[in-house]
Structure formats: C-alpha cells, structure tokens
Amino acid sequence: MPHSSGGGSHGGGFHGGSHGGSGMRMSRSYFAGATRYIYYHNGVPNEIFSNTDPMQNAVSTRVALTIFAVLFAGLYAFVFFALSFHYPSRLDTDYDTVIYISDHADIMTPDDEKRLMESLESFQEQTGITPSVCTVYNSDWSDYSELEDYAYDLYVGRFKDEKHWLIVYSQPRNPDPDFNDWYWEGMQGDDTDSILGDHETNIFGKELTKLLGEDRKYTVAEAIAKTFDDTTPEMMRQYTSWGFVIAGCVIAVIGIVGVVFAQICGKKNEAKYKTAIKVERNEMLKKQTCSYCGGIYIEGHHTTCPHCGAQLPFLAPVFEPGDSDES
C-alpha cells in the first residue's frame with residue numbers, strides 16, 4: 001500500500017515520511033509457588049528457590065539470550081546494510097502512466113500547468129515513476145486528522161498500482177497575504193521505494209518546503225516544478241553509504257559477541273545447575289563431608305558423592321515437625 005514520502009507546512013517546516021506473565025523466576029529467598037533446590041558449586045551446596053527446574057531455567061535463558069542477540073543484531077545489521085546501497089533502476093512502465101495535474105484549488109495558470117507538466121514528464125522519463133500533483137483547500141480534509149490520511153485516500157482512490165508518486169498541496173480558500181497557511185504531502189507507492197528512499201525523499205521534501213516558503217519568488221507550480229528539476233538527478237544517482245556499511249558491520253560484531261557471551265555464561269550456569277536436587281521447604285539440611293574428596297554434600301539425598309562419585313552411606317532426610325508444606 002502507498003505510504004507517506006514526507007510533507008510540510010508554512011508553520012511547521014518539513015517532516016519525513018512514514019516509513020506481563022508468570023515467567024521463570026529464581027531467587028535466594030522463598031516466593032509464592034517456588035520450589036526449594038540445592039545445587040553444588042565449587043565443592044559446596046547452595047540453596048535456591050525457583051518455580052521451574054534450575055537446569056531447564058538455565059537452558060531456556062541461554063537459548064533466549066542467543067535468539068535475542070541474533071534477532072537484534074540481524075535486524076539492525078540488515079537495516080543498515082539495506083540503507084547502504086542505492087543502485088536504482090528505472091521502473092517498467094507496464095501500468096497506467098497518465099500524469100495528472102488536478103488544480104482543485106485553482107491556483108495555477110495554464111502556463112503554470114505547462115511548466116509543471118514538463119518537469120513531471122522529465123521525472124517520469126528518467127525514473128519510470130508517474131508523478132501527479134493535486135491542489136486542494138484546507139477545508140477539503142477537515143474531517144481527517146492530518147493531510148497524510150487525506151492524501152492516502154486520494155492515492156488509493158485514483159491509482160490501482162504502486163508506481164505513482166502523488167504530491168498534494170493545500171491552502172486556505174482565502175489565504176492571508178501575510179501568512180498563507182499552506183501544507184503539502186507526498187504519497188508514494190511501495191514499488192517506488194527502490195528509487196525514492198529516505199535520503200531522496202528528504203532532499204525533495206526539504207527543497208520543496210523551502211521553495212514554497214519563498215512565495216514572493218515562486219508560485220506553487222514553479223516551486224514544485226523546480227524541486228523536481230533540481231532533485232530528479234539525485235533520485236537515480238548510484239552510491240554506497242559507507243557510514244551505514246560500517247554501522248552494519250559494528251552491529252553484526254556486537255551480535256556475534258552477544259551470542260558468544262550467551263553461550264559461555266549459559267553453559268556455566270547449566271554446569272552449575274546440573275547437580276540441582278529438589279528438597280522440601282521444611283527439610284532440615286545436614287551437611288556432610290565426603291571422606292574421599294572432601295566435598296560437602298547434603299545428607300539423605302545421595303548414594304554417591306555429587307563431586308567425585310564415591311559411594312556414600314545413605315541416611316533419610318530429616319524434616320521439621322508440624323510443617324509439611326511442599327514447595
């Protein structure tokens with residue numbers, strides 16, 4: 001669908017175009033719905049509360065961080081690289097290429113329209129995009145929140161393709177000679193984006209807004225025609241923006257570093273929580289020392305040492321009386 005290529009007004013200057021749940025949680029202290037776990041790290045037991053298995057939590061976190069780093073870096077790197085290269089080719093004119101100048105506001109003389117048509121035809125010949133110009137009164141779009149919405153409806157109501165560029169100019173029916181409250185808006189079809197990028201439409205928009213502001217020097221038709229004449233060569237210019245290329249490379253490197261960081265930290269957490277055991281909230285934890293390796297473990301949960309694997313005497317866990325609340 002068509003979209004704004006920018007616009008402006010006498011008073012406002014130029015503006016560019018429009019281009020909570022219950023997740024996994026871990027804590028050192030108890031919270032509602034949490035299960036009590038013991039994991040071993042550096043030869044000693046550590047207590048943690050979690051609403052999911054700590055190992056599952058660690059794996060999910062590593063995967064999520066990896067995906068985030070890839071998507072974040074990939075998206076922004078793609079955007080920067082896409083903006084880096086402007087190698088436009090003329091659009092095929094396999095559509096209705098009639099150029100319209102609809103002077104509903106009756107502000108153009110026949111000579112104005114002839115001059116404007118020459119500029120529009122030159123632009124069409126070089127780009128394959130069909131431009132059209134429509135002048136209206138501010139009151140014509142009073143039912144809309146802004147001129148952009150009105151211009152959109154004008155585009156889709158007249159053109160059945162995505163290869164047009166519609167310029168809509170608006171002013172009061174009886175403009176103040178000291179301050180003509182004019183506006184303009186560009187509406188471009190999606191197929192024009194390869195030629196009318198942000199850089200190109202910004203140049204056009206700033207130029208047109210500047211010339212319309214010099215109403216003592218240029219008529220509306222002259223301002224639009226001169227803007228097309230001055231900026232059309234820029235539309236088809238081929239260039240590479242090395243600043244965007246460098247930015248894309250930097251973002252890509254940041255993404256790679258993020259993935260490596262997520263993998264290293266994630267693997268460390270997974271190794272730590274691999275030994276996690278579930279214990280009851282009211283269980284009295286009794287620490288014992290392995291006579292083979294000296295590692296500390298919780299009595300009543302192991303037949304072999306969680307550190308060295310040596311055989312251990314098994315004793316049943318002991319619970320505090322009067323509290324059998326399982327996590």
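The model is a predicted one, so everything here is read from computed atoms.

Start with the sheet. Six strands line up in the order E2-E1-E10-E9-E8-E7, forming an open sheet with mixed pairing. At the edges sit strand E2 (13-15) and E7, each of which pairs on one side only. On average, neighbouring strands of this sheet are turned by 15° against each other, if direction is ignored. Zooming in on one pair, E9 and strand E10 (residues 183-188) run antiparallel and are joined by six bridges. Here Ile167 stands opposite Gly186 in E10.

Next come the charged pairs. Side chains of opposite charge can pair when their charged atoms come close. Across the whole structure, a search turns up seven salt bridges. One of them joins Arg36 to Glu47, with 2.7 Å between the closest N and O atoms. Arg36 counts as buried because its relative accessibility is 9%, under the 20% cut-off. Glu47, with a relative accessible area of 29%, is partly exposed.

A salt bridge also forms between Lys163 and Asp94, where the closest N and O atoms are 2.7 Å apart. This pair links distant parts of the chain, 69 residues apart. Lys163 sits in the loop between helix H3 (147-158) and strand E9 (164-171), while Asp94 sits in the loop between strand E6 (85-86) and strand E7 (101-103). What about exposure in this pair? Lys163 is buried, at 14% relative accessible area, whereas Asp94 is exposed, at 60%.

Lys210 and Glu214 make up another salt bridge, with their closest N and O atoms 3.3 Å apart. Lys210 is partly exposed, with a relative accessible area of 49%. Glu214 is partly exposed too, with a value of 26%.

Finally, there is empty space to look at. Rolling a probe the size of a water molecule over the atoms shows where such space is left. The second largest pocket holds about 200 Å³ of space. Its lining is made up of 14 residues, and those nearest the centre are Tyr169, Gln171, Asn180, Asp215 and Val220. How many residues of the lining are nonpolar, polar or charged? Eight are nonpolar, three are polar and three are charged.

Notes. Residues are numbered from 1 along each chain as its sequence is written. This is a predicted model: local features need pLDDT of at least 70, side-chain atom pairs count only at pLDDT 80 or more; totals for chains, interfaces and linings use all residues. Side-chain values use heavy atoms; hydrogens and water are left out. On a 1 Å grid over the protein atoms alone, a cavity is a set of points where a 1.4 Å probe fits but cannot get out, and a pocket is an open set with protein on both sides within 12 Å along at least five of seven lines; lining residues have an atom within 4 Å of a point. Grid points are joined across faces, edges and corners, and a volume is the space filled by probe spheres set on the points. Ala, Val, Leu, Ile, Met, Phe, Trp, Tyr, Cys and Pro count as nonpolar, Asp, Glu, Lys and Arg as charged, and the others, Gly among them, as polar. A salt bridge is a side-chain nitrogen of Lys or Arg within 4 Å of a carboxyl oxygen of Asp or Glu. Buried means under 20% relative accessible area, exposed over 50%, partly exposed in between (1.4 Å probe, protein chains only). Helices (H or I, at least four residues) and strands (E, at least two) are DSSP runs, numbered from the N terminus. Two strands pair if DSSP finds at least two bridges between them. Axes are lines fitted to C-alpha atoms, for helices over the stretch in contact, and angles run from 0 to 180 degrees between N-to-C directions.
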